[in-house]
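This report concerns helix packing, nonpolar cores and the surroundings of selected residues. The sequence and structure are shown first.

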Amino acid sequence: MIAKTWTDRTACLPGLLALLLGTSAACGDRRTSEASRPPRSAEQIALQAVRDRLGTPTAEVQVVATGRAVFPELQRTIAEFKIRDAAGALHSIALDDALQPVAVAQFVERERAARTARIGALDEALATRLDQVPDASQQVIVWIVDRSRVRDSRPPSHGEPLRPAQIDATYKGVEDARGTALAGQIAPILERLRRVDPAARADSSSPAVTMTAGAEALRALARDPDIERIYLRLRGAPETGEAAKATTGISGLQAGGAKGGGVRVALTEAEGRVEPASLLLNTIVQDAANVCPTPSDHTTEVASIIKGRRVSVFGATTGVEGAAPQVMLRVGGSCATDSTELMDASSRAALWGARVISMSWGLDTQLMTGGVDRFYDDMTFNRWRTVVKSAGNRACMTPGNEASGPGSGLTTTPGLGFNVITVGGFDDHDTPAWADDSIYVCSSFANPISTHGDREKPELSAPAVNLTVTTLGPANLTTVSGTSGASPLVAASAALMIERNGRLSFWPEITRAILMATAIHNIEGSSRLSDVDGAGGLNAGDAVSVAGDPQRTGGLWYTCDGSTPMQLPLATLSVGPRTRQRVVISWDTDPTSSNYPSQPSADIDLEIVDPQGRVVAASRSFDGTNEIVDFNTFLAATLTLRAVKFRCELPTWLGWAWQTTPVNRLPR
């Protein structure tokens, strides 16, 4: 009856869009009593479908989130609804363009099958390149189907403090186990690939093989069931005060002795060699593989934001102390800015024991999440590293941005990764106060392409304008602008958090949640989550404080089996009157997901409920891997943070953080 009613009306409607958005359109002069009624909206039909499913015609149900899922291969769009019943359970209802109920999973499978039939495992960019230059060989990254499965083997998120040596030993065990699991899978496939390219080589800790082949061979490989995707090998480019430490609260942390002592951090940079003769840098471990033969100004400047130092030269003090000057910093990269060499440098840094990997270079993939993003998502999911990436500087018209178009704001790869912390930039106007801060005019913000189109990048922002840094020469300073400076500030803050709580070394999801929950410095748009600054400006002081409070953070292995409750309580917290609550859950996408990169491997919603089970605040995206709420409580209350499983293809790691501040806390 629902489908028939809508079908009867299609001839006289000006279009379907109004109904899909929940509005109505008049039908003209129909001579039946049915036609005299206004057409029901998609929302009304969805609500009735849930009532029918529950078997209660008058059930109290409510639409809590709507989305539009686009399937380009099928040339179809469906409206999807998250509907909550009176008991708090969530229901999924999807309607096609005829307002008929459909199964989203079936559309996803048909879309994947249609794409495979058209181009097999070829990535879109590679398929286009093969059509354009069919006679040329292409350098590619072959992503092998990874049939290994992660187990719940991480050290718990809470417990006795861990010494750096314990963390190093745990990482070594993870790397050895990962390498062994992959070697057995990849060896026979690598042998086949070497029949095409004898120089094909595999990464030791990810299911990626780099090789060169012609169009005919690549199209044949794209039909190999052991190959997940074949990506075009790309080349990146650099993304180029006191290092804005006062604005972010880092100065206060350093005054209290927090300087990152013993925490291993890595920079992977285009060009990749640091000035070895500078007096204004603390000791740095230089990875010499594939970097330029001469020092790079960009690499030196980015490194100094973390490891700069002040010295006395001829009786005058000069230099800027870095944001985490006592970390162990390793720097490497690729002189050719080759994506595979940059990935190799990051992998070597992980084998060295890096807890945090920061990158201030980017690839323009036109917002399509690709192979390099997948590599860094894998590094977080399977190797437990916090990965931080600059958003890019594509929002203004500068040399090199012409292809993106003026004001396009294209976020760059690998900052499109689901599990990567992507950092935008803001201008602190060289003052510690927050009130005069504004968005950096060039900071990228465009979101990755996804099924429902509601992923948000960046996660947060950090100072990026007029940063005083060390550059080439024995004791030279310069001033730079760009999100290249924002990324190392966040990476340094993550190191300070790990210094406070070593268990965060193994929980990048908790680190991500803390950084977002404490980023209460709103620079533009919504104070909760907005387009350009993400969750807000970096607030390292609060982040380190929350990192050391076990009542306000946690992490777990989130399973998808039937034993997992639909509503999983993560924490209960008593909050005082006149307090502001900022709560975030953050989870990973498993890079083996069959739907990578169109949607995450799990869709988990966040709810805050009171003792009576009433929802006080909620966040429910479709394609995101973070959910965030920001609300005030004017009376004392006991509240529960709840993770609600809406869709779960594969189990994943999930972290959460809860920040409480006074309602009347003033900007600095």
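In this predicted model, helix 13 (residues 483–500) packs against helix 15 (residues 540–547) at an angle of about 30°, and the two axes are 8 Å apart. Because angles under 35 degrees count as roughly parallel, helix 13 and helix 15 are described as roughly parallel to each other. The crossing of helix 13 past helix 15 is right-handed. On the side of helix 13, the contact is formed by Ser493, Leu496, Met497 and Arg500; helix 15 contributes Ala540, Ala543, Val544, Ser545 and Ala547. By class, the residues of this contact comprise six nonpolar, two polar and one charged.

A further helix pair is formed by helix 11 (residues 339–352) and helix 12 (residues 371–383), whose axes come within 10 Å and cross at roughly 10°. Helix 11 is therefore roughly parallel to helix 12. From helix 11, the residues in contact are Ser339, Leu342, Met343, Ser346, Ser347, Ala350 and Leu351, and from helix 12 they are Val372, Phe375, Tyr376, Met379 and Arg383. This contact of helix 11 with helix 12 consists of eight nonpolar, three polar and one charged residues.

In soluble globular proteins, nonpolar side chains tend to be buried together. The largest nonpolar core in the model has 70 residues, and Leu329, Val490 and Ile514 have the most contacts inside it. Helix 13 supplies the largest share of this core, with ten residues. Leucine 329 itself, when residues up to four places away in sequence are not counted, touches Val265, Ala266, Leu267, Ile284, Val285, Ala303, Ile306, Lys307 and Trp352. A second, separate core has 25 residues, including Leu190, Ala213, Ala222 and Leu232.

**Selected residues**

| Residue | Relative accessibility | Class |
|---|---|---|
| Leucine 232 | 11% | buried |
| Threonine 451 | 8% | buried |
| Arginine 309 | 31% | partly exposed |

Leucine 232, a member of the second core, lies in strand 8 (residues 227–232). Because buried means under 20% relative accessible area, leucine 232 at 11% is classed as buried. Apart from neighbours within four places in sequence, leucine 232 is in contact with Leu126, Arg129, Gln138 and Gln139. Serine 205 is 27 residues from leucine 232 along the chain, and the C-alpha atoms of the two are separated by 20 Å.

Which residues does threonine 451 touch, not counting residues up to four places away in sequence? They are Arg68, Ala69, Val70, Phe71, Ser598, Gln599 and Asp623. Threonine 451 is located in the loop between strand 19 (438–439) and strand 20 (460–463), and threonine 451 counts as buried at 8% relative accessibility.

Arginine 309 also belongs to a loop, between helix 10 (297–307) and strand 12 (311–313). With 31% relative accessibility, arginine 309 counts as partly exposed. Not counting residues up to four places away in sequence, arginine 309 touches Leu279, Leu280, Leu281 and Asn282, together with Thr318, Gly319, Val320, Glu321 and Gly322. One of these residues, glycine 319, is ten residues from arginine 309 along the chain, with 5.8 Å between the two C-alpha atoms.

Key:
Residues numbered from 1 in each chain as written. Predicted model: local features only at pLDDT ≥ 70, side-chain atom pairs only at ≥ 80, totals over all residues. Heavy atoms only, no water. Helix = DSSP H or I, 4+ residues; strand = E, 2+ residues; numbered from the N terminus. Buried < 20%, exposed > 50% of the residue type's maximum accessible area, 1.4 Å probe, protein only. Contact = heavy atoms within 4.5 Å. Axes fitted to C-alpha atoms, helices over the stretch in contact; angles between N-to-C directions. Parallel < 35°, antiparallel > 145°, perpendicular 65-115°, else oblique. Left-handed = near helix turned anticlockwise from the far one by under 90°. Nonpolar A, V, L, I, M, F, W, Y, C, P; charged D, E, K, R; others polar. Core = buried A, V, L, I, M, F, W, Y, C linked by side-chain atoms within 4.5 Å.
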